[in-house]
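Please go through the model shown here and work out a few local points from the coordinates.

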Amino acid sequence: MERTVRMPTQGARGTARSATTGPQAHDGTSHPLRVAIVGGGPGGLYTAALLKRLAPDRQVTVWERNAPDDTFGFGVVLSDETLGGIEHADPVVHEALQKHFVRWDDIDIVHRNTRHTSGGHGFAALGRRRLLAILHERCRSLGVDLRFRAAAPDPARLAETYDLVVAADGVHSTTREAYADVFRPHITGHRCRYIWLAADFAFDAFRFEIAETEPGVMQLHGYPYAADASTVIVEMREEVWRAAGFDEADERESVERCAKIFADALGGRPLRSNKSAWTTFRTVVNERWSHGNVVLLGDAAHTAHFSIGSGTKLAVEDALALAACLDEQPTLEEALTAYEEERRPVVASTQRAARASLEWFEDLPRYLDRPPRQFAFNLLTRSRRVTHDNLRLRDARFTESVEREFGCPPGTPPMFTPFRLRGLTLRNRVVVSPMDMYSAADGVPGDFHLVHLGARALGGAGLVMTEMVCVSEEGRITPGCAGLYTGRQAEAWRRITGFVHERSPGTAIGVQLGHSGRKGSTRLMWEGMDEPLPDGNWPLVAASPLPYKPDSQTPRQLTRAQLTDIREQFAAAAWRAARAGFDLLELHCAHGYLLSGFLSPLTNHRTDAYGGSLAKRLRFPLEVFDAVRAVWPEERPMTVRISATDWAEGGTSAEDAVEIARAFAAHGADAIDVSTGQVVADERPEFGRSYQTPFADRIRHEAGVPVIAVGAISSWDDVNSLILAGRADLCALARPHLYDPHWTLHAAAEQGYDGPGAVWPAPYRAGSRRPRTGRSEAPKPRLSLGK
């Protein structure tokens with residue numbers, strides 16, 4: 001984020017308090033005269049320089065326990081965006097940095113003796129020692145008091161004697177730990193070991209190299225930071241690290257062995273260390289970033305995995321924001337609040353991307369057998385920040401080569417390639433996700449459903465799914481839910497499928513069958529989601545007698561006889577669905593509804609043959625699947641929607657989800673629709689862009705079954721990226737199709753595609769080009785003479 005830090009004008013602040021009084025005597029302005037900074041890394045030093053430059057009368061002191069030239073890394077990468085902020089805030093530092101940066105555009109990915117190069121990425125790096133020297137010089141020239149080889153005083157003492165205390169003391173922050181009850185840090189360890197090393201030559205690109213060794217897979221991350229030097233990070237899973245004997249190797253032996261393993265990448269050159277040690281990355285998240293006049297900055301506040309960039313970058317951006325907020329806000333309290341409000345969403349987004357990248361490398365063996373170019377594309381897009389469209393702008397040649405290998409005809413985006421499920425061929429990879437409309441009368445879909453589903457079928461999606469259609473009156477979620485438990489309902493559905501097949505040939509329509517279980521007998525969504533009906537309730541049944549919410553109705557535990565009845569209700573509904581003309585059937589085993597309630601250990605507490613181990617919890621959902629598959633036409637596909645995690649401790653895990661998917665695939669499921677959560681009311685989802693797709697990715701690769709990805713997939717660029725990277729076979733979108741029923745056709749128009757994967761209905765063809773928006777698009781008159 002680019003910030004312009006304004007220089008203060010004379011008289012812009014009130015009179016500061018005496019330098020000898022404590023923080024309680026502060027006059028309330030955000031112009032602290034005595035500032036203590038704990039930690040002399042780049043974040044702390046840059047904060048000191050900015051604060052001193054903005055207010056020369058400030059007394060700024062930096063404590064650093066190490067010597068001035070001590071550093072435990074090698075190169076630092078900064079983005080053009082961050083450099084722009086530095087240029088605005090302190091041109092002197094920016095000019096000094098520019099003299100020492102090395103720049104490059106390419107990323108090399110080396111896997112199984114094949115190198116793939118993607119260009120147009122744009123990196124800038126310099127040595128960490130050089131960066132520190134520049135910041136030391138700048139701080140001294142401004143009059144900052146730098147105290148090296150000096151431990152900072154106790155945080156409480158600093159807070160008493162200084163107006164502002166900036167804790168920039170790193171991932172192991174003592175300041176943060178001193179106030180842990182206030183900051184409430186959450187520190188998560190991860191599954192890989194890594195070591196920071198250096199080589200005395202410059203890579204000509206950012207290099208990722210994969211080594212498949214006898215102990216396991218290892219990877220190298222390398223990039224230049226000077227004309228004659230590169231950072232080299234070697235990383236591997238903990239179990240591989242131990243199997244390779246690195247747990248017993250000293251520093252010298254580790255360095256030598258890493259150089260031997262990656263001899264090809266290094267050209268036989270040695271590696272060197274700087275007190276380098278194997279470590280595991282720790283993700284730091286704090287619930288609060290400030291306490292009184294103490295504020296966290298950089299790694300003390302947050303960390304993001306090195307595979308997506310530099311912690312230094314985040315720390316520098318923190319410094320820019322903190323200095324700006326102190327300059328802009330009238331009080332210290334407001335300044336620190338504004339700083340956290342500004343930076344927290346930026347950092348959260350970075351941490352989500354970093355987590356996706358980190359987990360991709362942790363699970364690297366999963367992708368090794370992918371086609372070579374798809375493997376490279378998958379690596380480049382692993383964080384979901386680099387996308388298909390973005391990569392095409394950076395390096396069209398590389399992206400086109402990936403598309404050719406994938407099988408895209410010339411000019412065809414990946415989302416418009418066909419996909420076959422059993423006897424059904426979908427003309428593109430877009431699915432209109434099931435969305436409850438709560439608009440049926442006595443379970444009968446009416447004109448609203450005809451218009452709703454018909455409009456989306458005309459909108460170009462390859463597959464349009466109904467809402468969850470209930471298999472019995474008692475299995476409804478709300479009084480407005482649609483059903484397939486009567487002949488009248490089946491005839492109403494036939495009217496809708498007939499419209500889709502006649503008026504939108506080539507579009508498939510699928511039905512999702514389910515039973516509400518313990519989440520039934522509730523109000524319409526817009527009247528109170530999951531809230532009990534004020535009257536007219538019907539009794540609920542579930543795997544176990546556990547209410548969904550404290551004020552929800554307690555369901556009865558299903559008996560063996562009732563299980564048989566419900567199984568037959570599903571089979572009867574499936575038979576009606578086939579006669580109604582649906583092309584595909586999905587069994588709803590997600591979101592805490594009846595079948596999902598059997599799968600999760602949080603909602604299934606049975607002690608009979610249908611509870612306990614995962615195999616037993618799967619028993620009834622598989623019995624229902626088998627009964628449905630037996631009556632569903634052989635040539636028509638069946639899918640299963642599951643919640644791949646409950647987002648709650650002790651619930652379904654990602655490993656469980658793979659086993660659940662395997663079990664359904666073994667019974668004949670043609671694809672798994674991978675959703676998450678909504679199983680227990682106290683869940684804690686990790687929301688974010690495409691946040692559920694990693695679960696689909698894992699199931700696709702580990703269970704070997706096609707998957708439908710869902711969850712905050714909002715753009716056609718997301719769909720292209722997920723499909724081309726091999727993370728999903730189909731993408732289901734809900735809210736985008738509520739916003740725009742013709743989302744798929746508009747995606748085709750925006751990409752300049754008019755092939756068989758997106759066919760405009762004849763009456764709509766005149767609208768296949770984006771309308772002009774106004775006079776600004778008209779031809780411009782000539783207003784000057786050319787030479």
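The questions below concern a predicted model and cover confidence, cysteines and some individual residues.

Q: What pLDDT does the chain average?
A: The coordinates come from a prediction, and 94% of the residues score at least 70. Averaged over the chain, pLDDT is 92.

Q: How many disulfides does the structure hold?
A: A disulfide needs two cysteine sulfur atoms within 2.5 Å. For C470 the closest cysteine sulfur, in C481, is 4.6 Å away, which is too far for a bond. For C408 the closest is in C731 at 13 Å, again too far. The number of disulfides in the structure is zero.

Q: Is C470 buried or exposed?
A: The cut-off for a buried residue is under 20% relative accessible area. C470 has 0% relative accessibility, so C470 is buried.

Q: Is C408 buried or exposed?
A: A residue counts as buried under 20% relative accessible area and as exposed over 50%. The value for C408 is 8%, so C408 is buried.

Q: Which residues does T412 touch, not counting those up to four places away in sequence?
A: T412 sits in the loop between α15 (396–406) and β17 (419–421). With 9% relative accessibility, T412 is a buried loop residue. Leaving out residues up to four places away in sequence, its contacts are T417 and Y753.

Q: What distance separates the C-alpha atoms of A159 and V294?
A: A159 belongs to helix α5 (residues 155–161) and is buried, at 12% relative accessibility. Along the chain, A159 and V294 are 135 residues apart. Their C-alpha atoms are separated by 6.7 Å.

Q: With which side chain does the side chain of S307 make a polar contact of 2.6 Å?
A: S307 lies in the loop between β16 (294–296) and α11 (311–328) and is buried, with a relative accessible area of 5%. Its side chain makes a polar contact of 2.7 Å with the side chain of H305. Beyond four places in sequence, the residues S307 touches include H221, L358, F361 and R382. The polar contact of 2.6 Å is with the side chain of S357.

Note on methods. Residues are numbered from 1 along each chain as its sequence is written. This is a predicted model: local features need pLDDT of at least 70, side-chain atom pairs count only at pLDDT 80 or more; totals for chains, interfaces and linings use all residues. Side-chain values use heavy atoms; hydrogens and water are left out. Buried means under 20% relative accessible area, exposed over 50%, partly exposed in between (1.4 Å probe, protein chains only). Helices (H or I, at least four residues) and strands (E, at least two) are DSSP runs, numbered from the N terminus. Contact means heavy atoms within 4.5 Å. pLDDT is the predictor's confidence in each residue, from 0 to 100. A polar contact is a pair of N or O atoms within 3.5 Å; within protein, one must be able to donate a hydrogen and the other to accept it, and residues adjacent in sequence count only if both atoms are side-chain atoms.
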